[in-house]
Structures are given as C-alpha cells and as structure tokens.
Amino acid sequence: MSMDMEAAVMLRDSAQRYAADNYGFLQRRAVLCDPAGWSADAWKAYGELGWLALRLPEEQGGLNADALAIGALMEVVGTRLLMEPILASVIVGAGLVLSQGSGAQRERLLPGLADGSVKLAFAHVEAANGSDGADGIGTCEVREGRLSGAKIAVLQGDIADRLIVSAADAEADGAMRLYLVDPGAAGVEMVRYRLVDGRGAANLSFAGAAVERLDPDHPGSAPAAIDEALDHAAAAQCAEALVSCARWWQPPAST
C-alpha cells in the first residue's frame with residue numbers, strides 16, 4: 001500500500017503503545033539475559049498486530065507496506081531496542097521471497113512469515129580471503145543441488161528457521177542464485193554469537209548441504225534482488241538508528 005503520513009504516524013503510535021506496555025527496560029533486560037536472545041511471546045504478539053505481514057501482499061493477508069510504513073515500525077524497533085528479527089526476517093527475508101520465490105514457494109512460506117512460525121535470515125557476506133584465510137575457501141557454490149562454502153555475520157542466523165543463502169551456481173557459469181537451506185540439516189555448521197546491541201548472529205559453513213533454489217516465475221536477477229533488499233534494509237536501519245540515537249544519546253552538559 002501507499003501509506004500517507006497520517007497513517008504512518010498511527011502505525012508508529014500504535015506500535016509505541018504496545019512496546020511501552022510490553023517491552024520496557026526490565027522486560028528487555030530479561031530478553032537480553034535469556035540464552036535464546038529473543039522473546040517468542042513478543043514475536044507472537046507482533047504477528048497478531050500485523051507487523052510480521054507488513055511487506056506481504058494484501059491478497060495473502062499482508063499490508064503491502066511501503067518504505068514510509070516500514071520506517072514507522074523501525075522507529076519503534078530503535079526506540080525500544082527490540083531484540084526480535086524484524087529487520088532480518090520481516091524486511092530482508094520476506095522481500096527476497098517475494099521477489100525471487102516461485103508462486104508455490106510464496107504460497108508455502110508467506111503464511112508462516114505472517115504468523116511468525118517461520119523466521120528467515122539472509123546469509124550473503126563472505127570473508128574477504130576465505131573462512132580460514134586461504135583464498136576462495138569461503139566462496140559458496142552449489143553443485144548438483146549441494147552447497148559448499150561459508151558465510152559470516154549472518155544477522156540473527158542463530159535463531160532462523162530457514163536461511164536464504166546467496167551462492168554461485170556451478171552449473172550455470174557461476175551465476176549468483178538464492179537458495180533456501182535448513183540450518184539444522186546435515187552439512188551445516190553454525191557458530192553463534194551476540195552483536196554489540198545484544199542481537200544474535202552466526203557464522204556458517206556448508207559441506208554438501210541440501211538446498212532448494214528460489215525460482216521466480218518471471219525472469220529476475222538474483223543480484224538485482226539482493227541489491228534491492230539491501231537498500232530496503234539500509235533505509236530501515238536509518239529509521240531505527242535515528243530514533244535510537246535521539247533516545248539514548250545525550251549531549252555533554254555545557255560548561
């Protein structure tokens with residue numbers, strides 16, 4: 001949808017009221033200290049409030065939201081420092097499924113994204129010189145339906161139910177494609193850690209892991225889809241960071 005400023009303010013204010021009542025300092029501290037690093041109860045509430053369906057088409061129960069609506073929600077994420085994977089799953093993951101998934105894949109995945117039963121993470125970044133310092137070791141490649149290589153700094157990959165992984169298709173002259181991977185499948189190893197803000201991340205290595213290629217019904221470039229998804233993520237993070245800085249940073253007292 002194309003959301004006007006008044007509607008965006010209403011969305012932001014509604015989300016702020018929920019967060020003020022349910023995600024105060026002590027509540028966030030409890031989430032931060034929990035080994036899981038996120039709140040399943042909060043995630044369920046986000047689904048009931050419609051946040052998780054923000055980017056989904058209206059015919060599939062979503063809001064088909066534009067950048068203004070996404071920015072309004074991300075202001076709340078930044079104000080309250082919410083720990084759940086809104087950026088990773090709701091914005092980036094859902095966007096990639098919408099642009100690169102087939103009709104059947106969208107029908108299968110989008111309902112779970114909307115109700116919160118499926119959380120996505122995008123694995124795209126590779127170590128500059130390979131995962132162990134040797135040139136090329138970290139480069140992800142799919143050959144005969146099996147993924148090998150490594151990814152680093154996967155935002156909230158530690159709690160994802162499915163990974164979207166960018167990799168070279170060895171059977172298509174190395175063209176970049178996007179693949180769905182089960183993080184619990186054979187051939188997937190994960191190192192989990194926390195980022196500075198407390199959210200989780202993961203480094204991943206793949207040794208012949210089974211994949212499912214995202215296969216759009218219409219011709220579409222995976223690199224172009226990735227660029228678009230990262231642009232959406234950057235805009236969302238700007239909204240998040242702007243209010244986060246305004247809330248938590250105080251200028252030094254004048255002397």
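Which residues in helix 4 meet Ile86, Leu87 and Ile91 in helix 5? I looked them up in the predicted model, where local features need pLDDT of at least 70, side-chain atom pairs count only at pLDDT 80 or more, and totals for chains, interfaces and linings use all residues. Residues are numbered from 1 along each chain as its sequence is written, and side-chain values use heavy atoms, without hydrogens and water.

**Helices.** I found Ile70, Leu73, Met74 and Val77 on the helix 4 side; contact means heavy atoms within 4.5 Å. Helices (H or I, at least four residues) and strands (E, at least two) are DSSP runs, numbered from the N terminus.

The axes of helix 4 (residues 67-80) and helix 5 (residues 86-100) come within 12 Å and cross at roughly 175 degrees (lines fitted to C-alpha atoms over the stretch in contact; angles from 0 to 180 degrees between N-to-C directions). Helix 4 is therefore roughly antiparallel to helix 5 (over 145 degrees).

**Strands.** I then checked strand 4 (residues 162-169) and strand 5 (residues 175-181), which run antiparallel with seven bridges; pairing takes at least two DSSP bridges. Ser166 has Leu178 as its bridge partner. Five residues lie between these strands, and in this hairpin Asp173 has a positive phi near 55 degrees.

**Confidence.** I read an average pLDDT (the predictor's confidence in each residue, from 0 to 100) of 89 for the protein. Over residues 130-137 pLDDT stays under 50.

Technical notes. Parallel < 35°, antiparallel > 145°, perpendicular 65-115°, else oblique.
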